[in-house]
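Have the sequence and the model open side by side, and try each task before you read its solution.

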Amino acid sequence: MIKKVLLFALFNLTALFATAQQFMLSGRVTDFAGNPVPFTSVYVKGTSQGTASNANGIYRIQLKSGKYQLNFRTIGFTQQTEAIEIAGNNLSHNVSLHVENYALGDKSATADDIIKQAITQRESHLTELKAYRCNVYIKGVQKLLHAPGNLFSVAVSHELQVDTGQNNILYMSESESGFSFKQPGKTKEVMISSKIVGSNNAFNFNRVAALQVNFYQNLFDVEGINPRGFVSPIADNAPDYYRYKLLGCATENGKLIYKIQVIPIREHDPVFTGNIYIVSGDWRIYAAHLFVTQNAGLNFVDTLNINQQYISLTGDTWQPASVSFTYSGNVLGFKYSGYILGVYSNYELAPNFPPRFFNGENIRITQQSLSRDSVYWAQNRPVPLTPDERRNYHRQDSIAKKHNSPAYLDSLERANNKFSPIGYVFSGDSIAHRANKTALVFPPLYRTVYFNTVEGLVLYPTVDYTKKLDSGKQYTITPKLRYGFSDRQFNANIGFSYSYNPHQRGIVYGRFGSDVFDLNSEGSSSLFINTLGTLFFKDNVLKLYRSNFARLGLQRNVARGLLLDGSLEYARRNAMQNTTYFKLLDSKDKEFTSNNPLKPNLPDTTLLFTPNNALTLRLSATYTFDEEYTSTPDGIVYDTNKYPKIKLSYRKGIHTLLGSNVDYDYADVQVFQSHIKLGLFGYSSFVVKAGKFFNSDALIYPDYKQFKGNEGITFDPAIGSFHFLPYYTYSNTAFFEAHYEHDFSGFLFNKIPGLRTLKLEEIAGTNYLAQQSQPGYSEFYIGIQRYFFRLDYGLAYTGNNRVNQGFAFYYGF
C-alpha cells in the first residue's frame, strides 16, 4: 500500500514538473524569397506574452507544454498565425511571411476623413488605459560601416575597439526592466538587468521612458534627437503639416485596416514621412512605419526610421507590442548605422499600486542589475544575438577582463598619473589611486597665476583631495594658498565637504583661514578675465577685500523636493587698496580705477570701510514641485524639473556676539525654472526674484544686496545676470528682478536651414547701452544672440526713490 502511494505521488510530481517546465520554441522568419525579416513581433494569440526576431530574423520564446496560436507580425507583411504544439521538448519552427496586400476597396472612404476620425479619437486613446505594468526588453546596436583610410589609424581602431574586418560593432546595449504607468503621466522603471559595451556616438534609449513612442501625443518628443520634437501624423494640428493619401485597406484579425501615406507639406517642418495604419471603426493606430531626415531638424543621424506595432490586450484596450528604430549617419567620413529594438510583454492591466509607489523615482538601477553574468543573459535574453553580436560580446568581455586585471589597471594608473606640462597649462592635472579610492585634482595654470592692481602678480595654487567611501559617500578636502607679490600678503585656508547621505543630498561643509574675495557677493569678472583686462586694456574691474574667516554649514533633503541649507560664518574683514598700476599695453584713452567702487577715480586714498567683524547666519529652503530623480548604486541623479522651483533665503547679521559689528535682517524669494519645453517653439527659462532688508541698522559694503552685472560684450551664459549692469551696483532696501530666456534654435534650424552652418566666430553683434546709475538701478534689455533672446528687468530703490531706467538691445546672426 505504501509503495503504491509513493508511486502515485511520484507520478503526480513528475507530471507537475513537466507541466511547469518551459521549453524553447525557436526558428527563423523570412519572406518567400528566403530573406530574413528582422524585428518581427511574435506573440501568443490572446495574450501579451511575446518576443521579436533579431536582425537576422531569428526568434525564440519559452513556452510550457501545450497547444498555442502564435501571431507573427511586422510592417510590410501580412500577419500570419501559426498553430504550435509543445510536447515536452524544444521545438524549431520556421515561418515565411507574405508581403502585405493593401488594395483600394471602398472608394467612399478618403484619407482625410480617416485621419479626421483618428484625430477626433486621439485624446481618448491616449488616456483610455488608466494604469498598467509590463516588462520591457531594449536592445541597441551601432556599427561602423566605413572609415576614411586617411583617418582610420591603428590608434583610432584601438580606441574604438573595432577593425575593418569582422568586428565593426561600436556599441551594444541590452536591458530588462519592469515598467509601471499611471495616469496622468506617472511612470516608474525598475531595471532588472543592464549590459553595455562600447561607445555610442549617436543616441541611446537604454531606459523605457525614453522609448515611449506615442503618436497619440501631439508631439513626438525624444530628448537629443530634436530640440523641439516632431508633429504626430494625427496631432490636433496635423493637417497644417501633412497631406494624406489612402494606399488601400485589408482585413486583419477581423478588423478593417487602412494604410495611409503621410506626406509633409513643407520640406523643413519637423514632421514624418511614411505610412500609418488606422483601424476602421474605433480609429486607433494599428501600426506605423515613419521616418525623419535632417531636413526635419534631425540631430546626430541622417535618417531615423521608426516602426511601431500595437496589440489588442482585452477588447478595445491596445498597447505597443514592439518598437524599432533604425538609423544611419556620417561624421567626418565615418559612416555608421544602428538599431534600437524595444519589446513589450506580460502586460498587467489595472494593477493595485501601493500608496506612494509613484514617489518621484523615475528609474531605479541597482548594483545587481549592472552585474548580471553571461549565464544569466543566455537564459533570459528574449531576442537572440546574431553571430556578429556574439563575437563582439566575446571580444569585449575578453577586453574587459584584461582591462579589469590588477596589472592592466596599475599600468593605466601609472600612465594617467604622468605629469603633462601642456595638459597642465590648459586643463589641469590629476593623480588617482585606484586601490585606496583617492584622487588629487590640480586646476590648470591659467587658474593659478593672476594679476590685479590690488595684489599685483598673484600665485593662487589649490588642490582637491577626494576620498570615495562605501555606498556613494565621499569627502573632499581643498586647501588654498594665495600670495600677492605687490601687497606682500599671504593667505591660506582649507575647506572640506563630506557627503554623508548621497541619496538625500546630505552634506556637511566648511572652510577656515584667510582669503581675498570679490566685493560683489553675486560675482563679477573672473580672475582670469580681469587679468587680461588689467594687463592689456587698463580695465581693472575686479574690486577686492580681505577676510579671516571660519564657516560651517549643513544641507540635506528633509522631504521629497525640499532641500534645507544652513551655515554660520565669523569673519574679520579688511578693505584693500591698489598697490600697482603695471600694464603690458598702455591704452591712452583708458585709466585704472580705484579699488573703492564708490569713489572709482584715482588717487586710491579712501578705504571703502574700516576693519570690522561679522557673524552671519544664512538659511535657505529650496522646494521643487513634483521632484523626479533616478536612483543609482552611487546615489541619486535629479532629473530636469517639470515645474518651477521656489527658494526662500534668509541672512542675519548678528550684532555684538563675538564682537560682531553688523546688524541686519535680509530675506528674498526666488522662483525659477530652466529648459521649459514649449513644443515647436523651443525651450524657455526664467528667474524671478524679490527681496528686502527688514533691518539695516549696521550694514558694511560686503553685506549689501549685489546684482549679477556684466560690462563685457558677451552674454553671461547663466540666466539671472544683467548684460549691461555695472558689477558693483547694490541695494540696501528693496528690489525686484526678472529674467527670461528663450532658445528657439530648433525653430530657426528648420525655417532657415542655412543657419545650421553658422559658426560662433561668424556672429556679429551691435550693442546699444543706456545710462546706468548707482546705487539703485532699473534695466530693461532684450537680446537675440544666435538663435535665442533674453529679456531682463530689474528694479531697485534707494529709500523711496526709484532710479533711472535703462534700455539695451543686442542681436547677432
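**Exercise 1.** Is E348 buried, partly exposed or exposed? Decide, then find its salt-bridge partner and describe how the two are placed in the chain.

*Solution.* Start with the accessibility: E348 has a relative value of 37%. Buried means under 20% and exposed means over 50%, so E348 counts as partly exposed. This is a predicted model, so treat every value here as computed from it.
Next, look for the partner. The side chain of E348 meets that of R133 in a salt bridge, at 3.4 Å from N to O. R133 sits in strand β9 (residues 131–146) and E348 in strand β20 (residues 334–349); the pair links distant parts of the chain, 215 residues apart.
Finally, check R133: with a relative accessible area of 25%, R133 is partly exposed.

**Exercise 2.** Which parts of the chain does the salt bridge between D665 and K652 tie together, and how is each residue classed by accessibility?

*Solution.* First confirm the contact: the side chains of D665 and K652 meet at 3.1 Å, N to O. D665 belongs to strand β36 (residues 663–677) and K652 to strand β35 (residues 645–654), so the bridge ties together parts that are 13 residues apart in sequence.
Then compare each residue with the 20% cut-off. D665, at 14%, is buried, while K652, at 21%, is partly exposed.

**Exercise 3.** Why does the salt bridge between R122 and D236 tie together parts that are 114 residues apart in sequence?

*Solution.* The two side chains meet at 3.1 Å, N to O. R122 lies in helix α2 (residues 111–127), whereas D236 lies in the loop between β13 (230–231) and β14 (242–252), so the pair joins parts 114 residues apart.
R122 has a relative value of 5% and counts as buried; D236 has 47% and is partly exposed.
To place these pairs in context, the structure holds 27 salt bridges. K538, D586, K588 and E591 are linked in a salt-bridge network.

**Exercise 4.** How many cavities of 30 Å³ or more does the structure hold, and what lines the largest cavity?

*Solution.* Begin with the count: there are 3 cavities of 30 Å³ or more. The largest cavity has a volume of about 80 Å³.
Then list its lining, which includes R73, F77, E100, Y102, E252 and Q309. Sorted by class, the lining has 6 nonpolar, 3 polar and 3 charged residues.

**Exercise 5.** Which residues are closest to the centre of the second largest pocket, and which strands supply at least two residues of its lining?

*Solution.* The second largest pocket holds about 1,200 Å³ of space. Of the 43 residues that line this pocket, S521, E522, S567, R618 and R651 are the closest to its centre.
For the strands, β29 (506–518), β30 (544–559), β31 (562–575), β32 (612–624), β35, β36 and β38 (705–706) each supply at least two lining residues. The lining has 15 nonpolar, 11 polar and 17 charged residues.

Conventions: Residues numbered from 1 in each chain as written. Predicted model: local features only at pLDDT ≥ 70, side-chain atom pairs only at ≥ 80, totals over all residues. Heavy atoms only, no water. Salt bridge = Lys/Arg side-chain N within 4 Å of Asp/Glu carboxyl O. Helix = DSSP H or I, 4+ residues; strand = E, 2+ residues; numbered from the N terminus. Buried < 20%, exposed > 50% of the residue type's maximum accessible area, 1.4 Å probe, protein only. 1 Å grid on protein atoms, 1.4 Å probe; cavity = no way out; pocket = protein on both sides within 12 Å on 5 of 7 lines; lining within 4 Å. Points joined across faces, edges and corners; volume = space filled by probe spheres on them. Nonpolar A, V, L, I, M, F, W, Y, C, P; charged D, E, K, R; others polar.
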